[in-house]
Amino acid sequence: FSDWSERHDRTLPVPPHVFEGRQVDMYRVLEALQSARLVRVTGSLGIGKCSVVQGLCRYMRDRRHPFAGEVLWLPAPRTDSDSFGERDNELHRLQTEMGSLFSVAECPRHQRTCEQVLTYLHTRRALVVIDVRKIKDDKPMNRVCAFLEDLVQCTEYAKAIVIHHLGDPVAVTRFNCVESNVHIKPLDFESTVILFGTLCQHVTTRRYEAVSDAYGLCNMLIPDGTVTSKPLTKKSSDIFKMMGEGVPAKIQEAAKTMTEEQYDRLISLASRKEHQLEFKSRAALDHRLSELTTQLDSAIEEKNFMQAQEYQEQPDETKPPREDLPDQSLQEFVSVVVMVEQMVQETISNVAVEATKVEVEGPTKKSKSKKKLMSLFRRKKVI
């Protein structure tokens with residue numbers, strides 16, 4: 001391993017200098033490589049597919065993973081030629097010549113180059129990473145598919161990672177080997193805040209003393225004890241959108257282009273009290289909504305628009321779960337059942353007493369007792 005690290009650095013693209021919230025995704029790809037010869041890494045535009053694979057290759061390098069010594073990244077990353085020293089590095093030479101794989105024009109040497117690569121990898125424990133995201137033409141895509149088919153057929157240990165968008169032609173092509181798919185999803189709220197805070201100049205320049213770094217911003221937005229696995233409230237959803245909605249490319253763009261006024265609005269929104277409105281029944285929810293409507297009208301009449309906006313946000317936060325609530329909570333339902341049972345028992349007792357009176361009283365009082373009995377039934381029926 002004397003010159004391995006230097007060579008490996010030269011033949012791999014440089015990962016982003018800020019890498020946040022992708023440790024689990026890296027592990028998922030690494031775990032898939034244990035059982036599959038071909039791993040597809042997919043996801044939407046700007047989600048960070050390439051960064052995950054770059055981070056994984058660096059991770060394997062640092063731990064001297066069996067695949068890490070021979071990683072063939074295609075297409076070859078752009079690197080200053082002076083940094084390579086001698087040009088006879090076999091891995092780098094093959095990596096450069098394999099650029100014909102992605103060319104729209106026909107290359108006479110392409111087939112010979114592929115044969116050389118397959119011969120080189122025949123008995124090596126190597127990892128081939130192919131990034132096909134920028135291929136728009138059918139010819140290079142067909143070459144990639146043919147090369148992958150030959151790779152799994154003509155090598156014993158080599159494995160491949162294919163980075164592509166959803167819907168690319170390579171996504172529907174199946175090869176004669178065990179395959180696995182790892183779909184990259186948006187970052188969670190906490191990772192989004194940390195990445196944004198690390199990249200935003202307003203945070204790094206300490207525009208607000210309480211937010212001196214990314215973790216200060218995170219502490220403001222996610223107080224201790226907050227359960228981040230729950231669905232985001234309206235306030236958190238608004239902040240999430242302002243920061244790029246968990247998509248790393250959008251997060252970087254938001255951090256780079258956010259104005260001072262937008263950042264002030266973000267901090268103002270973050271400083272507002274989080275409303276955790278949880279109700280056991282629709283009846284309790286409707287009662288609270290009625291109270292908030294009254295408070296909202298009062299705040300508008302007093303021209304306290306900041307308070308009015310806060311009152312308005314609380315009903316908005318209660319709308320999504322309302323239909324999932326029962327008409328009454330279990331406790332309320334049990335109370336009603338107990339009350340009804342008591343009324344029934346009382347009615348039965350009263351009816352029994354009145355019936356006894358009808359039997360034992362004389363004829364002159366029977367008619368009055370019957371009237372009283374019928375009146376009792378009518379009253380209970382109304383109830």
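1. The sheet is open and has 5 strands, ordered S2-S3-S4-S1-S5, with parallel pairing. Strands here are DSSP E runs of at least two residues, helices are H or I runs of at least four, and both are numbered from the N terminus. Two strands pair if DSSP finds at least two bridges between them. S2 and S5 (179–183) stand at the edges with a single partner strand each, so one side of each lacks a neighbour in the sheet. Ignoring direction, neighbouring strands are turned by 15° against each other on average.

2. A note on the basis. This is a predicted model, in which local features need pLDDT of at least 70 and side-chain atom pairs count only at pLDDT 80 or more, while totals for chains, interfaces and linings use all residues. Residues are numbered from 1 along each chain as its sequence is written, and side-chain values use heavy atoms, with hydrogens and water left out.

3. S2 and S3 run parallel and are joined by 4 bridges. Leu72 has Val128 in S3 as its bridge partner. H6 packs on this sheet, touching S1 (38–42), S2, S3 and S4 (159–163); contact means heavy atoms within 4.5 Å. The direction of H6 makes about 165° with that of S3. Axes are lines fitted to C-alpha atoms, for helices over the stretch in contact, and angles run from 0 to 180 degrees between N-to-C directions.

4. Which residues of H5 are buried? They are His110, Thr113, Cys114, Val117, Leu118, Tyr120 and Leu121. They cover an arc of only 160° around the axis, which puts them on the same side of H5; the arc is taken from the directions from the helix axis to the C-beta atoms. Buried means under 20% relative accessible area, exposed over 50%, and partly exposed in between (1.4 Å probe, protein chains only). Arg112 and Thr119, on the other side of H5, are exposed. The buried residues pack against S2 (71–74), H4 (90–97), S3 (127–131) and H6 (138–154).

5. Gln34 lies in H2 (residues 23–35). Gln34 counts as exposed because its relative accessibility is 53%. Leaving out residues up to four places away in sequence, Gln34 touches His65 and Lys159. The C-alpha atoms of Gln34 and Lys159 are 9.7 Å apart, across 125 residues of chain.
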